[in-house]
Amino acid sequence: MDVARLKTSFARIAMHGDEVALHFYSDLFLKYPETRPMFPVSMQAQRAHLVDALANIVSSVDSVEALSEFLRDLGRGHRKFGTLADHYDAVGGSLLATFAHFSGAAWDAELEADWKGAYELIASVMIAAAQEDEQLRPAYWTGVIVAQERSAFDVTVLTVRTEPRLEYLPGQSVAIESPARPRLWRYYSMANAPRADGSVDFHVRLIDGGAVSMALTDGTAVGTELRLGPPAGVLRLDTASGREILMIAQSTGLAPLKAMLEQVAGLRQPPGVHLFFGARSADGLYDLPGLEKMAAGHQWLTVVPVVSAGRFSGLRGPLTDVVSRYGDWSGHDAYLAGPTEMVRDCAGRLAAAGLPAGRIHVEDFGWSEP
Amino acid sequence: MTSDAWYDEQNRLTPDYLQAVTFPLTRWGRHGYEEEPVRAFLAEVHAEMVRLINERASLWQEVQRLRRRILGKESGNDAILFGKDDAHVHAVRILSSAQRTADRYVADAQAYSGRLTEEARARRDEIMGQAQQHADMLLEEAGTRARAAAVAAMNHDGLPPQTDQERRAAAAELAYLRTFSDVYRKHLKIYTEDVLRTIEAWESRET
């Protein structure tokens with residue numbers, strides 16, 4: 001397999017932009033109509049994902065280690081969509097036909113053999129990872145909404161009971177699909193440490209124009225069955241460090257950190273925890289009463305609410321500034337969750353103030369997003 | 001037949017290059033172009049180039065198809081008027097354009113619902129702000145009036161000034177509270193009704 005030739009070929013094909021993915025899916029759906037229902041109505045985001053994934057595979061084809069981890073994730077992640085080993089042949093056929101179409105006369109037997117070999121390798125890694133995963137857990141969990149409470153103007157807390165029981169670590173997330181928006185999956189963090197009854201909470205913030213968040217807050221009633229993908233994510237509590245903890249949550253970024261707080265509460269000797277909980281306005285601090293109650297019951301916990309606009313009796317300002325001004329965090333373990341920009345700014349500021357990068361824990365969905 | 005391939009050109013400007021190109025910043029700060037418009041223009045050029053490349057590719061394919069057709073005829077094989085492959089590519093194009101239409105409809109609907117919720121959010125912030133202001137005003141007014149009532153009760157003529165101090169204090173407090181709650185309740189009722197009317201008017205406009 002000539003890697004350089006594949007890269008040159010892909011660069012040429014990629015010049016056609018969105019047209020490539022459009023052609024690929026049309027080819028696939030014409031040849032294998034049964035694959036169409038596996039995708040959402042609008043394919044716009046899907047096409048971008050495909051192009052990103054292809055570009056990522058081609059560009060990291062030299063570093064086998066990283067690529068294989070990416071492909072294994074991708075293979076496992078595809079189980080919840082109902083992807084079977086047979087589908088890989090269909091996709092391979094359409095992908096090759098698409099590449100041939102956009103390569104014009106540059107497409108010859110050698111190039112075809114190279115692409116075929118590359119795809120077979122990719123598919124075999126994905127299929128193997130999926131089959132391994134099959135032995136360990138279901139493709140998806142069915143979760144019934146048992147409670148639904150609007151805790152702020154735009155935040156709803158869903159309590160879901162799953163079948164079978166969802167095993168996860170505090171800090172992790174699952175992709176959720178609502179029957180009102182089939183084939184659209186969005187990641188939400190479990191907002192509690194595992195309970196005896198197996199139920200889990202999700203904090204859903206209504207995003208303007210957000211198809212799934214809207215379906216989960218308004219279009220879904222108690223009793224509705226959701227689909228949950230496998231627990232994913234890298235945010236976990238380092239229970240062995242012995243250091244004190246700094247938690248920074250903005251808006252519904254609180255969810256994974258709340259689950260971790262409950263985990264801390266269950267430790268034999270809980271370390272001191274400072275939780276900064278930020279929102280734009282005071283009524284965005286949707287879970288503050290619960291947190292304050294928790295803090296009243298636990299000496300090790302300090303909750304600091306922060307609001308960036310409007311009137312508020314507590315601390316005010318951008319969350320990142322308030323945290324930096326508040327004290328020296330260089331000896332802590334930090335856990336951050338919230339909008340990407342806030343998390344990035346905060347992590348950068350903490351690192352600049354001397355907190356080692358390895359002790360700043362953030363969620364990174366990266367390539368796992370469907 | 002590779003010499004007439006449409007892409008067989010070296011060192012040509014590519015859409016990727018347009019997306020990656022950077023310009024040095026001017027030495028004296030503010031004399032250069034503003035970055036945003038330059039970026040926006042490049043994005044436009046990028047989209048246009050992708051479109052042109054795709055148009056050219058399909059023209060090239062069409063040329064190839066016609067060429068095959070002519071060659072086929074010349075060699076006495078006129079069966080290749082419209083081959084099976086051509087039909088498939090046509091079908092792919094039709095399906096692709098249908099998909100594009102569907103994507104646009106979904107995107108439009110999403111943008112519309114986004115605008116609606118955004119407006120609702122802004123409107124709600126406004127109502128909440130007004131309510132907050134109004135509540136502050138009410139509290140202040142009720143407080144002032146109640147204080148006046150308490151002073152009046154304290155100076156009530158019918159009460160002996162020295163001997164019944166406790167009773168007078170209690171009466172003052174009672175008057176304060178009664179007036180406060182009266183004023184507050186009355187105003188709140190008016191205000192709530194007003195807000196409800198606004199919401200109803202707003203709802204009927206929506207439907």
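pLDDT is the predictor's confidence in each residue, on a scale from 0 to 100. What we have is a predicted model, so local features need a pLDDT of at least 70, side-chain atom pairs count only at pLDDT 80 or more, and totals for chains, interfaces and linings use all residues. Residues are numbered from 1 along each chain as its sequence is written, while chains are lettered from A and ligands numbered from 1 in the order in which they are written.

For the complex, the predictor gives an ipTM of 0.78 and a pTM of 0.76.

Now chain B. Its mean pLDDT is 77, with 79% of its residues at 70 or more. Over residues 1-8 of chain B, though, the pLDDT is below 50, and beyond near neighbours in sequence this stretch has 12 contacts in the model; a contact means that two C-beta atoms, placed from the backbone, lie within 7 Å.

On to chain A. Its domain assignment, automatic or from a database, gives domain 1 (3-136), domain 2 (141-228) and domain 3 (245-368). Between the C-alpha centres of domain 1 and domain 3 of chain A there are 40 Å.

Let me finish with one residue, A:Gly223. Is A:Gly223 buried or exposed? A:Gly223 is exposed, because 9 other C-beta atoms lie within 10 Å; the cut-offs are 12 or fewer for exposed, 20 or more for buried, and partly exposed in between, with C-beta atoms placed from the backbone. Leaving out residues up to four places away in sequence, A:Gly223 touches A:Val144 and A:Ile145. A:Val160 is 63 residues from A:Gly223 in sequence, and their C-alpha atoms are 9.3 Å apart.
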